[in-house]
Amino acid sequence: MMPSALFNTCLRNVQAWAGEDCLLCGAEPGPELLCPACVADLPALPESCPRCALPSPAGAVCGSCLSRPPNFDATLALWRYEFPCDGLVQALKYRARLALAGFFARSLASRPLPEVDLIVPMPLHPRRLADRGFNQALEIARGLARHLGRPIAPRGVLRVKDTPPQTALPYEERAKNVRGAFLCKLDLSGASVAVLDDVMTTGATLNELARALKRAGATRVENLVVARTVPR
Ligand SMILES: [Zn+2]
Ligand SMILES: [Zn+2]
């Protein structure tokens with residue numbers, strides 16, 4: 001099947017899912033949205049830098065993180081942001097297939113996760129939130145908070161600067177555009193924080209959020225993301 005046809009099938013199935021067939025291949029009903037074979041086929045990351053989740057031989061901290069350490073301390077990404085994972089993320093985000101948030105949360109919960117005091121979902125600017133009606137990161141964080149038994153801060157961190165999607169921009173320009181984008185109203189003195197986001201592209205936005213959290217006193221910030229863009 002051509003990727004685009006499979007993608008359309010995927011979206012149709014997302015719309016039709018009611019605890020039934022696998023979203024991607026239509027296999028027999030199971031306990032999860034995707035059958036075990038399709039989950040196993042999702043695009044895994046190669047050995048990666050523990051800090052930024054980009055490919056790195058033997059899982060060592062990469063040269064870029066060594067020479068210019070980001071504000072976050074670690075990143076766990078479930079999959080590469082590629083077919084069919086990109087379609088799943090977009091179905092949650094742009095087609096409000098909220099059942100996928102639960103699937104992503106359970107998938108994260110199945111990995112070895114850090115001990116944290118608080119989960120902070122990547123905030124959306126109020127204008128973007130009004131357009132979409134929900135924050136996909138918050139939906140995933142809710143599921144994860146239940147699994148981890150950890151509190152979540154849905155309103156303690158605000159996005160005060162509306163930045164248009166700029167995935168095509170290089171890191172430096174993204175970093176400039178997101179500067180000052182977040183306001184943390186919480187006292188995070190001594191806290192270890194997990195930041196939940198759906199997609200990590202250059203990492204500039206997550207870096208800026210981590211900066212705001214550290215300024216509010218957080219001692220450690222770890223990113224938990226569904227998918228990581230890996231440059232080719
Ligand atoms: Zn399947
Ligand atoms: Zn790195």
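**Close-up views of a predicted model**

**View 1. The donor residues of the zinc ion (ligand 1) follow the spacing C-x2-C-x9-C-x2-C in sequence.** The model shown is predicted. Four residues supply the protein donors of this zinc ion: Cys-22, Cys-25, Cys-35 and Cys-38. Each gives its SG atom, and the donors lie 2.3 Å from the zinc ion (ligand 1). Angles among the 4 donor atoms run from 106 to 114°, and the site is tetrahedral. For comparison, the ideal angle for four tetrahedral donors is 109.5 degrees. Cys-22 has 2% relative accessibility, so it counts as buried. Cys-25 has 46% relative accessibility, so it counts as partly exposed.

**View 2. The zinc ion (ligand 2) is held by Cys-49, Cys-52, Cys-62 and Cys-65.** The 4 donor atoms subtend angles of 106 to 114° around the zinc ion (ligand 2), which makes the arrangement tetrahedral. Along the sequence, the donor residues are spaced C-x2-C-x9-C-x2-C. Cys-52 and Cys-62 both sit in the loop between helix H2 (36-41) and helix H3 (63-67), so this pair ties together parts that are 10 residues apart in sequence. Both Cys-52 and Cys-62 are buried.

**View 3. Val-39 is a residue of helix H2.** Its relative accessibility is 29%, so Val-39 counts as partly exposed. Leaving aside residues up to four places away in sequence, Val-39 touches Leu-34 and Phe-103. Cys-85 is 46 residues from Val-39 along the chain. The C-alpha atoms of Val-39 and Cys-85 are separated by 9.9 Å.

**View 4. Helix H5 packs on helix H7 at an angle of about 45°.** H5 covers residues 99-109 and H7 covers residues 136-148. Their axes are 8 Å apart. That angle makes H5 oblique to H7. The crossing of H5 past H7 is right-handed. On the H5 side, the contact residues are Ala-101, Phe-104, Ala-105, Arg-106, Leu-108 and Ala-109. On the H7 side, they are Glu-139, Ile-140, Gly-143, Leu-144 and His-147.

**View 5. Helix H8 packs on helix H9 at an angle of about 40°.** H8 spans residues 171-178, and H9 spans residues 204-215. The two axes lie 8 Å apart. H8 and H9 are therefore oblique to each other. H8 passes H9 in a right-handed crossing. H8 contributes Tyr-171, Arg-174, Ala-175 and Val-178 to the contact. H9 contributes Ala-204, Thr-205, Asn-207 and Glu-208.

**View 6. The protein as a whole has 9 helices and 6 strands.** This view sets the close-ups in context. The protein has 232 residues, and buried residues make up 47% of them. Contacts can also be sorted by separation along the chain. Among contacts between residues at least 6 apart in sequence, 71% join residues at least 24 apart.

Conventions. Residues are numbered from 1 along each chain as its sequence is written. Chains are lettered from A and ligands numbered from 1 in the order in which they are written. This is a predicted model: local features need pLDDT of at least 70, side-chain atom pairs count only at pLDDT 80 or more; totals for chains, interfaces and linings use all residues. Side-chain values use heavy atoms; hydrogens and water are left out. Donors are N, O and S atoms within 2.8 Å of the metal (3.2 Å for Na, K and Ca); water is not among the atoms, so sites may look incomplete. Four donors count as tetrahedral if all angles lie between 85 and 135 degrees; four count as square planar and six as octahedral if opposite donors are over 155 degrees apart and all others between 65 and 115; anything else is irregular. Helices (H or I, at least four residues) and strands (E, at least two) are DSSP runs, numbered from the N terminus. Buried means under 20% relative accessible area, exposed over 50%, partly exposed in between (1.4 Å probe, protein chains only). Axes are lines fitted to C-alpha atoms, for helices over the stretch in contact, and angles run from 0 to 180 degrees between N-to-C directions. Angles under 35 degrees count as roughly parallel, over 145 as roughly antiparallel, 65 to 115 as roughly perpendicular and the rest as oblique. A crossing is left-handed if the near helix is turned anticlockwise from the far one by less than a right angle, and right-handed if clockwise. Contact means heavy atoms within 4.5 Å.
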